[in-house]
Amino acid sequence: MAYYYDNLKLDKGMYREAGRSFSQVLEREDPSERYKGTSLEGLDAFQRQLKRFDIKVRGAGSDVVEKFFQTSDAAVLFPEYISRTVRQGMEEGDILPHITAAVTKIDGLDYRSITSESGGEEKELKQVAEGAAIPETTIKVQANLVKLKKRGRMLVASYEAVRFQKLDLFSVTLRQIGAHIARTHLEDAVDVLINGDGNENPAEVTAIAAGQDLNYDTLVDFWAKFDPYVMNTLMVSGDVMLQMLKLPEFQNPLTGLNFQGTGKLTTPLGATLLRTGVLPEKTAVGLDKRFALEMVQSGDVMVEYDKLIDRQLERAAITTISGFAKVFPQASQVLEL
């Protein structure tokens, strides 16, 4: 049986369509709906093209990099392979999904987030007497733009140096690039949570008295400060994690059993505990992940496709552009030891 994907013409122009990624263009030209009920069901348009050219990108039987350049059509797939592998590295072990309330993708570089002005009694849904005014919550655009930062790595290698390398091994390097990019994104996110996004909204800081050790009472008091929000996520530096694990309350058998079985820690207060090296020492950031932070992305992972398709790997840039904005400032707070 002949399939459309076998005869699809690929060219560089598929990377240049405004507002569409290469994968989206492929999917438009070769919709996955056509393959329902066939052996190709479950593959997206890019994966079908890998199958078309018999390119295996993972496992012990993976092909070498040169396999992408056996035909001009197959070479067009190489930048998308790099983009996807870098993105995979960004997602592996990434804790950003655990602290972001929303991800907004834009096509430009200018973006203003929104915030809500409400506090005290305005947050309460009280009974409204007949003819009385209904309490208001005002949503407005932030005064300052979200600061978008370009982050990336330069891929420096000659085609001759990598042409006979297995794609499975080459992917390890690309995933590492993705992991480094994800870490810088996390650094940006933590900076916004602590210091604000430029709209006069730094986090409230609770400082423990000098010489006082972290104890469970301190954590409970910190947790109580979040009302009407809920502290469902707690990011801590490595030294704070050690102190918390030594507290008697964290030696609860169920807490230990969950950690041993899944590698995930939850506090006795019900918050997910995340350790990260991007936080300063003696620092913890509590937040209600549902309301605290917005991630803004301008496009996806970008690669210099012209260079890669033409086998000019030397100094080919792999970049992302993103920024962060606070949604409700009171939904995140800082604890300093």
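Trainee: Which element gives the largest share of the lining of the second largest pocket?
Mentor: Keep in mind that this is a predicted model. The pocket has a volume of about 480 Å³, and 18 residues line it, with Phe46, Gln47, Leu50, Val57 and Arg58 the closest to its centre. Helices α2 (45-52), α4 and α6 (167-195) each supply at least two lining residues. The largest share, 6 residues, comes from α4.

Trainee: Moving on to the largest pocket, which element gives the largest share of its lining?
Mentor: That pocket holds about 700 Å³ of space. Of its 24 lining residues, the closest to the centre are Arg20, Ser21, Gly299, Asp300 and Met302. Two or more residues each come from α1 (22-29), α4 (78-91), β1 (102-106) and β11 (302-303). The largest share is 4 residues, and the element behind it is α4.

Trainee: How many residues in the lining of the largest pocket are nonpolar?
Mentor: Take the other classes out of the way: 7 lining residues are polar and 8 are charged. The nonpolar ones come to 9.

Trainee: Let's talk charges. How far apart are the closest N and O atoms of arginine 48 and aspartate 30?
Mentor: Side chains of opposite charge can pair when their charged atoms come close. Here arginine 48 sits in helix α2 and aspartate 30 in the loop between α1 and α2, 18 residues apart. Both arginine 48 and aspartate 30 are buried. They form a salt bridge, and the closest N and O atoms are apart by 3.0 Å.

Trainee: Is aspartate 73 buried or exposed?
Mentor: First its partner: aspartate 73 forms a salt bridge with arginine 52, with 3.7 Å between the closest N and O atoms. Aspartate 73 lies in helix α3 (residues 72-75) and arginine 52 in helix α2, so the pair ties together parts 21 residues apart in sequence. Buried means under 20% relative accessible area. Aspartate 73 has 12% relative accessibility, so it counts as buried.

Trainee: What is the relative accessible area of arginine 175?
Mentor: Arginine 175 forms a salt bridge with glutamate 92, the closest N and O atoms being 3.7 Å apart. Glutamate 92 is in the loop between α4 and β1 and arginine 175 in helix α6, so this pair ties together parts 83 residues apart in sequence. Glutamate 92 is partly exposed, at 44%. Arginine 175 is partly exposed too, with a relative accessible area of 24%.

Trainee: How many salt bridges does the count come to?
Mentor: Besides those pairs, there's a network of salt bridges linking Lys12, Arg16, Asp306 and Asp310. The count comes to 22.

Trainee: Which strand holds isoleucine 114?
Mentor: Isoleucine 114 makes a nonpolar surface patch of about 290 Å² with Ile139 and Val141. Its relative accessible area is 45%, so isoleucine 114 is partly exposed. The strand, residues 114-117, is β2.

Trainee: Last one: how far is alanine 271 from leucine 234 in space, C-alpha to C-alpha?
Mentor: Alanine 271 is in the loop between β7 (265-266) and β8 (272-275). Its relative accessible area is 0%, so alanine 271 is buried. Leucine 234 is 37 residues away in sequence, yet the C-alpha to C-alpha distance is 6.2 Å.

Note on methods:
Residues numbered from 1 in each chain as written. Predicted model: local features only at pLDDT ≥ 70, side-chain atom pairs only at ≥ 80, totals over all residues. Heavy atoms only, no water. Buried < 20%, exposed > 50% of the residue type's maximum accessible area, 1.4 Å probe, protein only. 1 Å grid on protein atoms, 1.4 Å probe; cavity = no way out; pocket = protein on both sides within 12 Å on 5 of 7 lines; lining within 4 Å. Points joined across faces, edges and corners; volume = space filled by probe spheres on them. Nonpolar A, V, L, I, M, F, W, Y, C, P; charged D, E, K, R; others polar. Patch = residues over 30% accessible without salt bridge, like charges linked within 9 Å, V, L, I, M, F, W, Y side chains within 5 Å. Areas by Shrake-Rupley, 256 points an atom, 1.4 Å probe, with all protein chains shown as cover. Salt bridge = Lys/Arg side-chain N within 4 Å of Asp/Glu carboxyl O.
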